Amino acid sequence: MPLQNLILRPLACSMLLLIFSTSVTLAEEKRKLDPEKDKIYEHVIKPILSSNCTTCHGSSKAKGKIRLHNPEEIKKSESVVAGDIDESVMIERIMLPEDDEEVMPPEGKKRLSEEQKKMLSWWIAEGANFDKKISEANVPDDIGAIIAAMDYAPPREIKKAFNLPEPPQPANDAAVTAIGKAGILVMQLAQDTKYLSANVINVAKSFNDAQVKLLVPVKDHLTWLDLSRSGISDQAAADLGQLSKLTKLHLENTVISDKTLQEIGKLENLEYLNLYATKVTDVGLENLKNLKKLKKLYVWQTGVTQAGVDKLKGAIPGLYVNTGWQVPKKEDKPEEPKN
Ligand code: HEC
């Protein structure tokens with residue numbers, strides 16, 4: 001196996017971990033609820049729905065044609081009848097026996113705890129209000145005990161991953177389906193966002209320029225894209241240049257060259273660009289000087305020189321460029337990754 005694969009594989013893995021640890025699973029500070037300040041919906045109910053329901057009933061999916069990720073959608077869903085738990089389909093569904101076909105969350109998914117079921121029922125019985133503080137409701141002893149034992153963790157700060165406004169509409173379903181059918185893994189970037197990430201890890205070898213066209217219809221939603229090790233070439237440049245919401249782009253180990261960088265230079269939201277082991281040179285790098293948000297650039301094993309790097313750094317203050325020139329020493333070659 002070529003040396004470069006030995007090094008890049010583990011690198012790619014640790015990079016993935018890094019990405020996920022900084023944006024999706026940000027360490028959450030748990031705290032106790034404060035009934036005088038905290039709200040029933042915001043601090044008790046929303047967290048239950050977010051961690052158990054909104055992957056299927058949220059901004060990117062509407063299973064059963066309902067979404068439950070914000071007050072408007074909950075009202076629209078008609079699954080909650082204020083003050084009447086017997087008429088509320090939400091309660092009916094969560095109370096079903098575990099082996100019932102209609103139980104929510106569906107079979108195979110994590111069950112709601114008894115406490116969570118009680119809190120949802122209490123909230124609805126109390127009028128399914130979206131603004132009241134806990135102390136403003138009627139809090140029976142058993143509910144009070146549950147609240148006292150509950151932790152509240154602030155929602156994940158997704159916006160820190162990329163400073164883009166949330167798209168008003170979810171991505172077009174048919175377009176997302178077409179991408180998935182081509183074997184490209186396309187996912188919601190995180191809970192509570194309509195942004196998407198896509199990678200071609202499963203089909204890298206067969207992935208080609210023509211398939212990049214499939215991504216253009218979701219250009220307003222696609223913000224992370226990994227085309228590393230794929231069969232793309234400069235022929236895909238014009239399509240890539242349209243993906244204006246990209247904040248992260250992996251092109252390492254492809255045959256792209258300076259011609260593609262002319263188009264990449266238009267992706268003004270780009271914060272991370274990986275060009276390891278591609279054919280780019282200092283000439284292509286010139287095109288990146290207007291990417292003022294760019295924070296990390298990887299150009300190891302390319303035609304880029306230190307002079308080219310310095311010039312770009314002069315144009316983009318704070319830019320980190322990994323040239324990797326110090327890394328590949330034969331004697332400290334990393335071990336082959338274990339499967
Ligand atoms: C793994 C995906 C998934 C999760 C998680 C999930 N649901 Fe569902 N839900 C579905 C599907 C699929 C349907 C449509 C089929 C059906 O009605 O059983 C549905 C239907 C429903 C309906 C009926 C909608 C209607 O009007 O017909 C309600 C209410 C509901 N879910 C509530 C919830 C709640 C509350 C949670 C969290 C506690 C939840 N679901 C979690 C997949 C999910």
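Student: Which residue stands opposite valine 186 in S4?

Tutor: This is a predicted model, in which local features need pLDDT of at least 70, side-chain atom pairs count only at pLDDT 80 or more, and totals for chains, interfaces and linings use all residues. Residues are numbered from 1 along each chain as its sequence is written. Strands are DSSP runs (E, at least two residues), as helices are (H or I, at least four), both numbered from the N terminus. Strand S3 (residues 185–188) and strand S4 (residues 196–199) run antiparallel and are joined by four bridges, and in S4 the residue opposite valine 186 is alanine 198.

Student: What is the bridge partner of asparagine 199 in S5?

Tutor: S4 and strand S5 (residues 222–226) run parallel, with four bridges between them. Two strands pair if DSSP finds at least two bridges between them. The partner of asparagine 199 in S5 is aspartate 226.

Student: Which strands are the edge strands of the open sheet of seven strands?

Tutor: The order in this open sheet is S3-S4-S5-S6-S7-S8-S9, with mixed pairing. An edge strand here pairs on one side only, and the two are S3 and strand S9 (320–322).

Student: Is serine 59 buried or exposed?

Tutor: Serine 59 lies in the loop between helix H2 (40–52) and helix H3 (71–77). A residue is buried if 20 or more other C-beta atoms, placed from the backbone, lie within 10 Å of its own, exposed if 12 or fewer, and partly exposed in between. Because serine 59 has 20 other C-beta atoms within 10 Å, this residue is buried.

Student: Which residues does serine 59 touch, not counting those up to four places away in sequence?

Tutor: A contact requires C-beta atoms, placed from the backbone, within 7 Å. For serine 59, the residues touched are His69, Pro170, Asp192, Thr193 and Lys194.

Student: Which of the residues around the ligand come nearest?

Tutor: A residue is near a molecule if its C-beta atom, placed from the backbone, lies within 6 Å of it. Helix H4 (residues 89–95) gives the largest share of the shell around the ligand, four residues. Of the 19 residues around the ligand, those that come nearest are Cys53, Cys56, Lys63, Gly64 and Met104.

Student: What share of the residues of the chain count as buried?

Tutor: The chain has 12 helices and nine strands. Among its contacts between residues at least 6 apart in sequence, 62% join residues at least 24 apart. Of the 339 residues, the buried share is 32%.

Notes. Two residues are in contact if their C-beta atoms, placed from the backbone, lie within 7 Å.
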